[in-house]
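Have the sequence and the 3D view open as you read.

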Amino acid sequence: MFKADWEKTSVTYQLSEDTLEKMVRLAYPDKKLISHKLISGGCANLNIKILLEDDNYPLILRIYLRDKDAAYREQKLGKLLKQTVPVPLTHYIDELEGQHFAITEFMPGIPLRDLLLNNAPHNLGAIMHEVGTILSTITAHEFSQAGFFDKDLNVVPHTPSDDYLMFAKDCLMHKTVLSVLTPETISKIRKNLEQYGYLLPDDNEKHLVHADFDPANLLVNQVDGLWKVSGVLDWEFSFSGSVLCDVANMLRYAHKMLPEFQDAFLNGLVSNGITLPKNWRTTVNLLNLLSLLDCLKRSDLKISPNQCADIRELINHILSELNLMQQTERIEIAPYDPNWPNIFEAEAAAIKKALGDNCIAIHHVGSTSVSGLVAKPKIDIIAVVKEGIKSIPSLEKAGFAYRGEWSIPFKYGFTKRDSVKINLHVFEEKHPEIEVNILFRDYLRKYPDARDEYAILKYNLISEESSHEKNNSIYKGYTLGKHNFIQSILNQAGFNKYRFVLCTHYSEWNTVKHFRNKYFFGPHNIDDPYTWTFDHRQHKHFVLYQGTEIIGYAHIQLWPNERAAIRIIVIDEAKRNNNFGGKLLHLCEKWLKSQGYKSIHTESRPTALAFYKKNGYIDMPFNDPDGHEGGPEDIAVGKLL
């Protein structure tokens with residue numbers, strides 16, 4: 001991943017020690033070379049760390065094997081960016097025996113790629129947000145026109161031969177490409193380029209592009225215990241064009257990383273003023289296809305089999321992503337239909353009949369329940385029942401399909417997909433989501449301005465390609481994009497009940513990270529080593545709301561043999577001493593019991609032991625199936641559910 005297995009220049013190209021010393025003497029005739037060390041990792045050029053006599057800091061001797069003018073471009077870009085971006089300055093450029101070389105500043109740190117792949121403790125979100133911020137600074141530099149740079153950083157306008165589609169056509173006819181990719185794959189590439197080629201950047205984009213902006217070319221270094229970006233290297237391919245070229249490079253392997261890798265990077269970019277076009281994901285996939293075809297064209301299957309294999313795998317993944325985009329059921333928003341209440345009444349009668357005495361109330365909720373509001377043509381219904389579990393067989397007999405909780409504990413979700421699509425949300429009496437939905441509905445019914453503002457938000461969301469991507473059968477971008485507006489309306493409506501939900505929205509995850517850092521990892525000056533659990537099926541992260549404010553957080557790990565463990569449970573400091581901790585603990589236990597778990601375990605700090613004892617916990621072996629051991633002062637307690 002991140003080209004780590006690609007064949008390196010340092011393996012295929014050797015520089016004699018005599019030549020190396022001559023190069024150093026040209027730049028520093030009065031200084032002696034004390035030591036030198038080849039830095040592995042370069043796929044195109046050769047980098048050697050050198051130390052000269054009487055110098056306290058090393059330098060880099062950089063040999064340019066492909067483009068002799070690249071050294072001059074990197075030198076000028078270093079001067080242009082040094083005040084805002086951590087780039088190395090170039091001190092000397094020359095040529096010796098046909099070898100073009102430069103001596104540059106040495107930047108401390110390790111490649112971000114190494115940090116990500118070696119599982120060393122780090123805060124992935126913080127690092128990738130900083131990477132996005134740095135890219136926003138890079139792309140802020142704008143030139144007079146789009147094109148490639150000459151040695152003096154003047155822009156040479158694109159020629160017809162530089163056209164993306166012509167370039168792709170040329171690559172697809174190359175012998176190496178034809179030998180590595182199947183005819184079916186090549187046909188799919190052509191089809192996608194023909195279908196989506198209009199989304200490729202045009203010459204109106206004229207911002208600074210690094211052109212190899214990925215974790216292999218970013219250095220990170222620890223500062224006060226936190227990993228920070230310390231260097232942006234290898235600017236030899238830079239040009240004037242679209243920031244999406246750099247976004248494509250950074251996200252090329254994102255499908256193999258935790259979602260936080262991509263999400264935090266994009267957040268850092270967008271929060272610093274960069275607007276991504278609505279079809280940016282398709283454009284990024286196309287740009288990666290073109291870049292990979294270029295790499296493949298310049299490869300030799302015999303010399304670089306790993307590189308060719310990785311490129312083939314990446315191209316196949318991109319094609320599957322583009323195919324998935326074509327097949328995605330897009331969100332449709334329709335004008336208000338006066339017949340929607342009639343459909344609700346008919347369905348409500350059928351639901352009441354199916355539930356019988358178990359039914360307490362039926363409510364029409366969601367956008368179709370608000371007169372004059374645009375909506376997805378699906379009727380949302382809440383059924384309030386005495387016993388949720390008993391509703392499943394009754395409603396399945398009536399033609400509803402049971403879909404689970406939909407990220408809301410103690411919810412029973414159903415769908416019916418006949419001529420009219422129905423989403424049925426079943427809750428037991430006093431579940432807070434009942435009031436949430438009714439308050440929101442009634443507010444929009446009462447205030448037309450709020451209703452119309454909600455409609456505009458919906459139209460804006462469906463204009464974004466990400467809103468149409470499904471995640472576990474949910475249009476996550478569209479659904480979560482409405483979160484802040486809904487929270488604002490609930491505030492105005494005076495909602496103040498407690499809600500217990502699984503983390504889904506970005507603001508919830510940000511609060512979770514804040515709690516974990518403030519109360520657990522920050523006091524020990526370490527980065528959270530367990531952010532990988534945020535996207536792991538055996539780890540559940542819950543938040544407790546009071547109204548629209550998150551006041552508590554729990555991290556539960558699901559173990560085999562119907563056992564579970566409390567990894568973290570915390571109430572925000574300002575909300576303590578109100579039994580919120582006991583409430584959150586009880587809700588976690590209730591949820592686990594509803595999922596079939598028989599016992600819950602934790603390793604308690606001595607200061608928290610009284611809390612657990614008060615809530616019925618007794619001494620019980622922890623027996624972590626992963627073999628992790630707690631601290632020497634931790635006390636193993638548990639409870640049968």
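## Two loop residues and a helix pair

Let's begin with Lys206, whose contacts, leaving aside residues up to four places away in sequence, are His141, Glu142, Phe143, Ser144, Gln145, Ala146, Ser240 and Gly241. Please keep in mind that this is a predicted model. Lys206 sits in the loop that links helix H8 (183-196) to E9. At the other end of the distance scale, 65 Å separates the C-alpha atoms of Lys206 and Gly616, which lie 410 residues apart along the chain.

Setting aside residues up to four places away in sequence, Asn217 touches His210, Asp212, Gly231, Val232, Leu233 and Asp234.

| Residue | Relative accessible area | Class |
|---|---|---|
| Lys206 | 25% | partly exposed |
| Asn217 | 7% | buried |

Asn217 falls in the buried class because its 7% is under the 20% cut-off.

Now for a helix pair. Helix H13 (residues 340-355) packs with helix H14 (residues 388-397) at an angle of about 120°, and their axes are 9 Å apart. With that angle, H13 is oblique to H14. The two helices make a right-handed crossing. Which residues meet there? From H13 come Ile351, Ala354 and Leu355, and they meet Ser391, Ser394 and Leu395 in H14. By class, this contact of H13 with H14 has four nonpolar and two polar residues, with no charged ones.

Definitions and conventions: Residues are numbered from 1 along each chain as its sequence is written. This is a predicted model: local features need pLDDT of at least 70, side-chain atom pairs count only at pLDDT 80 or more; totals for chains, interfaces and linings use all residues. Side-chain values use heavy atoms; hydrogens and water are left out. Axes are lines fitted to C-alpha atoms, for helices over the stretch in contact, and angles run from 0 to 180 degrees between N-to-C directions. Helices (H or I, at least four residues) and strands (E, at least two) are DSSP runs, numbered from the N terminus. Angles under 35 degrees count as roughly parallel, over 145 as roughly antiparallel, 65 to 115 as roughly perpendicular and the rest as oblique. A crossing is left-handed if the near helix is turned anticlockwise from the far one by less than a right angle, and right-handed if clockwise. Contact means heavy atoms within 4.5 Å. Ala, Val, Leu, Ile, Met, Phe, Trp, Tyr, Cys and Pro count as nonpolar, Asp, Glu, Lys and Arg as charged, and the others, Gly among them, as polar. Buried means under 20% relative accessible area, exposed over 50%, partly exposed in between (1.4 Å probe, protein chains only).
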